[in-house]
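Keep the sequence and the structure at hand while reading.

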Amino acid sequence: MTTHILQIIYLIASVTFIIGLKFLGNPATARKGNLIAAFGMGIAIFGTIFLYTSPESGQHLHNLAFIFGALIVGTVLGFIAAKKVQMTAMPEMVSLFNGMGGACAMLISIIEFQHLSDGSLVGLESKLFIIIVGMIIGSISFSGSMIAWGKLSGNVKDKSFGKQQLINVGLLLVILVLAYFTIMGGVMDASTLFYAVLTLSLLYGILFVLPIGGADMPVVISLLNSFTGVAAACGGFLYDNKVMLVGGILVGSAGTLLTIVMCKAMNRSLLNVLIGNFGGGATGDAATSSSFEGSIKEVSASDAAILMRYAKKVIIVPGYGLAVAQAQHVVHDLELLLESEGVEVKYAIHPVAGRMPGHMNVLLAESNVSYDKLVEMEEINPEFNTTDVVLVVGANDVVNPAAKTDPNSPIYGMPILDVENAANVIVNKRSMKAGYAGIENELFYKPKTSMLFGDAKKALTELVSEIKALG
Amino acid sequence: MLEFINENIQLIYLVILMIFVGIELIGHVPSVLHTPLMSGANAIHGVVIIGSIIVMGQAEHTLSLILGFLAVVLGTLNVVGGFVVTDRMLEMFKKKK
């Protein structure tokens, strides 16, 4: 009887996952979608604790005190971490949580293997297969996510060495061969092989993420996210548990698609992201092409203030620099001030602005910028012709005309914001240092472009007070 | 291999259907929502916690109890952290006038 109720609970939870994901895809319903999925997760967890009976012994779960203890510890830690994290640090937080899920899948496989290896492994090939698949994927996702987290929080540097790709492919092959022999048996002690596979999988996760450039981390996190989904689905096979299967595979497939969509926004293929070292390889030939016509023109905050105060239409292009400087609130003040003076203000959001697609929207929304003011690239590009001033804040590659004009540029083909069509362009940057892609930007040398150097927050605060002074 | 497919044929049907559902569900998501969506999906794969609860509820040795405890803690972190972070992101998308 209890098993029947549990199956119905799992069914409901599976439906909430599907509806939740569907709702997450629409700005109006997204928040509700998240809550629906969370509700489904809740009933699935408590249903399992109280109603699950082992198909072999028919016994309910025991160790309830430990289970609740673990739940409480995890809830408190997860809640605090999630509430405390800065909005700018969101991507590494997602990566960290993803790693936790991967580690959870890995541990399940380890315990189940220990359990199995108490007896004879003969005739259990199917079960072993699923355990090992879950363990390999889970541990790659775990160690990979940890490296991604380290990179995003600045603790781990990009590292690549010669023949890295070859080593990775070789390592993967060794893992697969060892896994095969663990399942089929007969070569060595299965336990030894199993733990060798575990160690190598963890190592593979590290080596897989290490050479990928910091700018591509979002894509990697999204990919690892779908890995963890597949690892969770392995649990579904292991326990004949449909809710794990549905949740896991949904994330696996949706996550993979999301990864591809993200790559498309940068006009690169997934393969290119995974094997091409963007930042590293590109800098070499870029250094030679640094001579553009024209010169850098600097503008003072007061001149920039006048230009913007008496403009009809201003478009703000926020980039990573804005996120780093935590200037999202100041930029909102600037917007309100200009609006009160009768200037039309909009934000142009490049799909890969910030550290993750959509990250810039989250940041600006945090400082109460209205959702309608955030305009996506395709919609805003025709508007630059009629714009008096474009203010670029801490963005570089997404406004680099080389993406359209220079076939040798590493970002050639990436869709960009056509800011050079506007009457005036003011670029706020900390220095003349190149962006993520490590390439020079011709835009900065154009006659209509003027540079407002300084930390985004400081420069914008100054700009705001200068505009206020104009009255 | 064949044996595995035969034993799990129902689940394999489910896997294939869910692959298509997953692709269909997020096929037309505006890029604005990519980060929250990734984070939401991240929370949903926390369903792996169900497995860790089952493992722990059947654990007998001290070692599996310890590892199981750790697994449930990590799974809970994934679930709770994931949903709370997503909610925080989406909280900011409220329509404003």
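Predicted model: local features only at pLDDT ≥ 70, side-chain atom pairs only at ≥ 80, totals over all residues.

Leu51(A) belongs to helix H2 of chain A, which covers residues 30–51. Leaving out residues up to four places away in sequence, Leu51(A) touches Thr2(A), Ile5(A), Leu6(A), Ile9(A) and His60(A). Ile131(A) lies 80 residues from Leu51(A) along the chain, and their C-alpha atoms are 24 Å apart.

## The largest nonpolar core

In soluble globular proteins, nonpolar side chains tend to be buried together. Here the largest nonpolar core has 201 residues. Among those with the most contacts inside this core are Met308(A), Leu334(A) and Ile50(B). Helix H4 of chain A (residues 90–116) supplies the largest share of the core, 16 residues. Domain 1 (93–276) and domain 2 (294–470) of chain A each give the core at least three residues.

Leu334(A) has contacts beyond its neighbours within four places in sequence, including Met308(A), Ile316(A), Leu391(A) and Ile467(A).

## The second largest pocket

The volume of the second largest pocket is about 500 Å³. Its lining has 23 residues, and those nearest the centre are Ser54(A), Glu56(A), Glu112(A), His115(A) and Gln58(B). By class, 7 lining residues are nonpolar, 11 polar and 5 charged.

Which helix gives the most to this lining? H4(A) does, with 4 residues. Helix H4 of chain B (48–57) supplies at least two lining residues.

Technical notes:
Residues numbered from 1 in each chain as written. Chains lettered and ligands numbered in written order. Heavy atoms only, no water. Contact = heavy atoms within 4.5 Å. Core = buried A, V, L, I, M, F, W, Y, C linked by side-chain atoms within 4.5 Å. Buried < 20%, exposed > 50% of the residue type's maximum accessible area, 1.4 Å probe, protein only. Domains from an automatic or database assignment. 1 Å grid on protein atoms, 1.4 Å probe; cavity = no way out; pocket = protein on both sides within 12 Å on 5 of 7 lines; lining within 4 Å. Points joined across faces, edges and corners; volume = space filled by probe spheres on them. Nonpolar A, V, L, I, M, F, W, Y, C, P; charged D, E, K, R; others polar.
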